[in-house]
2 protein chains.
Amino acid sequence: MDIGDKVRVEMKDNVFEGVLMPSSGNIVVKLSSGYNVGLDKKEIKNVKVLEKHKEKISKSLKLETSKGKKNITILHTGGTIASKVDYETGAVIARYTPEEIVTQFPELNELANINSRLISNMFSEDMRFSNYNTLAKEIEKEIKNGTDGIVITHGTDTLHYTSAALSFILEGLNIPVILVGAQRSSDRGSSDAAMNLICAVEFILKTEFAEVGVCMHKVSSDDICWLLPGLKCRKLHSSRRDAFRPVNAKQYAEINYNTKIVQIIDNSFRPREKRELKLKLFKEVKVGILKSKPNMFVDELKIYSKYDGLILEGTGLGHMPIDQHAENKEIFNELKKLAKKIPVVMTTQTLFGRVNMNVYSNGKVLKDIGILGDQLDLSAETAYIKLAWLLSNHPEHARIMMHENLRGELNNRIMNDFI
Amino acid sequence: MDIGDKVRVEMKDNVFEGVLMPSSGNIVVKLSSGYNVGLDKKEIKNVKVLEKHKEKISKSLKLETSKGKKNITILHTGGTIASKVDYETGAVIARYTPEEIVTQFPELNELANINSRLISNMFSEDMRFSNYNTLAKEIEKEIKNGTDGIVITHGTDTLHYTSAALSFILEGLNIPVILVGAQRSSDRGSSDAAMNLICAVEFILKTEFAEVGVCMHKVSSDDICWLLPGLKCRKLHSSRRDAFRPVNAKQYAEINYNTKIVQIIDNSFRPREKRELKLKLFKEVKVGILKSKPNMFVDELKIYSKYDGLILEGTGLGHMPIDQHAENKEIFNELKKLAKKIPVVMTTQTLFGRVNMNVYSNGKVLKDIGILGDQLDLSAETAYIKLAWLLSNHPEHARIMMHENLRGELNNRIMNDFI
């Protein structure tokens, strides 16, 4: 039984017919409705192959490497961006070799010499810090081999956590590293995969950008992608193609898919120049994220005393329930203890806007007991990644460095609009 | 020493001069810079009154009650919306009586007969479920006394949690209950307090609305307020006046502050009709909110086995890290145990868009082990309030009722735009 075979799976109570998908763990079958079902191996009574997958892609395609063209590497971490159903056979074809990628997106071959590899094949929600380290080492290899730019295909769920993590790991990065995802899988007519990928390559070829960025649809139609700062963006919709938005920042650029014109909107990014890449990897540190809410209990906070750091998602300008009720006062006492023991960093659950712990006495009191984060405009996600990275690489100076602008993660400019 | 007195506070290392502010706990002094400082009583060495506060507001103003005008009640819960510095004396005057409110906002007296009371004086981040119950009982009293509509002034930090809580408590509500806040305190020229309050009253007088709504600036200029559904809105900026946004819904109406024209945008709200109000109060249930993230640890989840319910803020369409790594697999096993014991409800940290646990096997597997929330479009905040309210009032049916549209908290219409 191979990936792409049409199968009939008999379960205890149900029978599923569809195409066998790549997966780790459960058996995953793509039904004719387009949905994937994950089936527990233990509950499967019988599986029958109805039709063997016929590989229709010519493996004989020879990619010509041209000296005039730049070299672009595409690293695949999983997600559906580079897989596609062959509608003639109904089979799912995972296309990860350079030849397969170029067969799927022929435009790429005209733009650059494409090198492509599969690093992992996982849902992005399963990523841990060790996956960031693996990915960073592969990026380092590619840079040593002389690539001009890297595109990483990635599940969208935690794409912005990964872009933040790579921004910190890749100290001295001197080429562009662009993450792209797709909100519609490549086997659907409405897929956004091709456009995001091609716009990322256009952006790499036409600019001097040398940071970690994210290239996704700006609008839901297939017109414009935007290039977002990897440290200041976020998935803000569960299903729309234009789900990714900048947070407390502007888009660096817009890429018109039709005209291929790249328009720079904010040129504050780091350009390519001679720098030496040094990988600063994550260690297995434990950092929590805790969201403030009405009727909070102190035990929710207490477990983090065993952690190395904690991100608070406070309300408003950076507040927690610390007064008026006995339980709130216990929360305050626990925060006081915690902030002495580990770095505790305030962010805001409003998502947009900056933390300001000087306006109200609640914030002032939290600042006084050593809660960090005053004046920062980090999303909780970027703050989480930054704190974990600091605890991995600069444990002695994490508190001070949290407030330093290390990779462009802090924006001191005033934004005229927020979303 | 009275509120409003100009004082000089000597601390161990510092001396502060300013106006004594109302507070519970610390001594709060408004400095000439406009900032408030909270000073720990234990660390104060000496306090000197420099100048006694001179109350300048005439207490003799007699409000004439007119039979032609409707009766509006303003209930104050705290925050700065109804307090103002008297710039002549520098004193802070908290104006909560009907006379004082009308002195501050003279337009109100022309619009309606104003009744006004102080319910509490607290930062909204300190609110607990018991405060929601108190507020609901005061609303019930006012309705029994024949008020035509209620405006609640409220701190903005958790205003949307309160609007959701009141929506559930006030079963059979047959008058409008509108929450308003201010992002700039009333003692600043740029305060948005007056406009939000007056637009709320205009909306009450000109529509048949009989739900819990939120009235705040739609744009940062003083032109338009919008009336948002109390169950489907959220604070999305830490400091901007137009911080409140609808989430997976449209604004019900827009109120032009200059022309006083009320434009209905979405008329799906419940109109005034004969219904009997029944208070369904909160009990002291324990519900957690836990946000999914890369490199999560199972112990973050374990503490909720002592809770009555748990809201998950998953990634994307509603996913958690449950595969690929040993720790993720432990998270899966713990989720499985937890979902058997208590209601565990999936929401999404993308904030906008709906949970859909049928698309990817990760979601399907979570649904299979009994995680609730599939197809819901609730914010994590509203889901939290709804679950706590269900556990208070319908503990036996909480799992089923979580998926029922009880107060308009679920929106089955497709949104053309999200923010």
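Modeller: In this predicted model, 67 residues of chain B are in contact with 67 residues of chain A (contact: C-beta atoms, placed from the backbone, within 7 Å). Local features need pLDDT of at least 70 and side-chain atom pairs count only at pLDDT 80 or more, while totals for chains, interfaces and linings use all residues. Residues are numbered from 1 along each chain as its sequence is written, with chains lettered from A and ligands numbered from 1 in the order written.

Colleague: Which element gives the largest share of the side of chain B that touches chain A?

Modeller: Strand E4 (36-39), strand E20 (287-291), helix H6 (299-302) and helix H8 (361-368) of chain B each supply at least two residues of that side. Elements are DSSP runs numbered from the N terminus: helices are H or I, at least four residues, and strands E, at least two. The largest share, four residues, comes from H8(B).

Colleague: At what angle do the axes of H4 and H9 of chain B cross?

Modeller: B:Ala164 and B:Phe168 are among the H4(B) residues that meet H9(B), where B:Ile385 and B:Trp389 are among the partners. The axes are lines fitted to C-alpha atoms over the stretch in contact, with angles from 0 to 180 degrees between N-to-C directions. The axes of H4(B) (159-169) and H9(B) (380-393) come within 9 Å and cross at roughly 35°.

Colleague: Which residue with positive phi follows H3 of chain A?

Modeller: H3(A) covers residues 129-144. Next comes a residue with phi near 90°: A:Gly146.

Conventions: The expected span of a helix is 1.5 Å times one less than its number of residues. Two residues are in contact if their C-beta atoms, placed from the backbone, lie within 7 Å.
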